[in-house]
Amino acid sequence: MKQKSDFAGAVLLIVRGTQGAQLVEKLSGVANARRTAIVKEENGRVWARVYPKVESHNGDLARNVLTAASAWQVEELHTEEGRLDEVFRSITLPDTGKEVAK
């Protein structure tokens, strides 16, 4: 079930030495990446999450992100698991919306 989550296989990284817009621009060209989102910018650090394409293989995205961000100081990088609460909402919210419309 966790593999159905948008967060499954996403790479979260914390980088120092750049702005969010620059990081997004650089990471948008990463192979295996579907999209990049800035989570937070604070005290000269940028937290970003890179979401994998469906066909991405484990580890490939993390390696590609690390290579793309090598010009900056990468303080943390890890691959995330899927989130069951997010999967549950994606399954049940469409039905909830239909009930409210009636």
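Asn43 is found in the loop between β2 and β3, where helices (H or I, at least four residues) and strands (E, at least two) are DSSP runs numbered from the N terminus. The model is a predicted one, in which local features need pLDDT of at least 70 and side-chain atom pairs count only at pLDDT 80 or more, while totals for chains, interfaces and linings use all residues. Residues are numbered from 1 along each chain as its sequence is written, and side-chain values use heavy atoms, with hydrogens and water left out.

Asn43 has a phi near 50°, a positive value in a residue other than glycine. Most residues other than glycine have a negative phi. Asn43 counts as exposed because its relative accessibility is 64%; buried means under 20% relative accessible area, exposed over 50%, and partly exposed in between (1.4 Å probe, protein chains only). A positive phi, near 80°, also occurs at Asn32, which lies in the loop between α1 and β2.

Turning to the sheet, four strands form an open arrangement in the order β2-β3-β1-β4, with antiparallel pairing; two strands pair if DSSP finds at least two bridges between them. β2 (33-42) and β4 (73-79) stand at the edges with a single partner strand each, so one side of each has no neighbour in the sheet. On average, neighbouring strands are turned by 20° against each other, direction ignored. Between β1 (residues 11-16) and β3 (residues 45-52), the antiparallel pairing extends over six bridges, and Ile14 stands opposite Trp47 in β3.

Axes here are lines fitted to C-alpha atoms, for helices over the stretch in contact, and angles run from 0 to 180 degrees between N-to-C directions; contact means heavy atoms within 4.5 Å.

Which residues of α2 are buried? They are Leu61, Ala62, Val65 and Ala68. Seen down the axis of α2, these buried residues fall within an arc of 130° (taken from the directions from the helix axis to the C-beta atoms), so they line one face of the helix. Their cover includes β1, α1, β2, β3 and β4. Arg63 and Thr67 are exposed on the face turned away from the buried side.

Finally, the charged end of Arg35 sits over the ring of Tyr51, 4.0 Å from its centre, and Lys40 lies over the face of Trp47, at 4.3 Å from the ring centre. The criterion is NZ of Lys or CZ of Arg within 6 Å of the ring centre and within 35 degrees of the ring normal.
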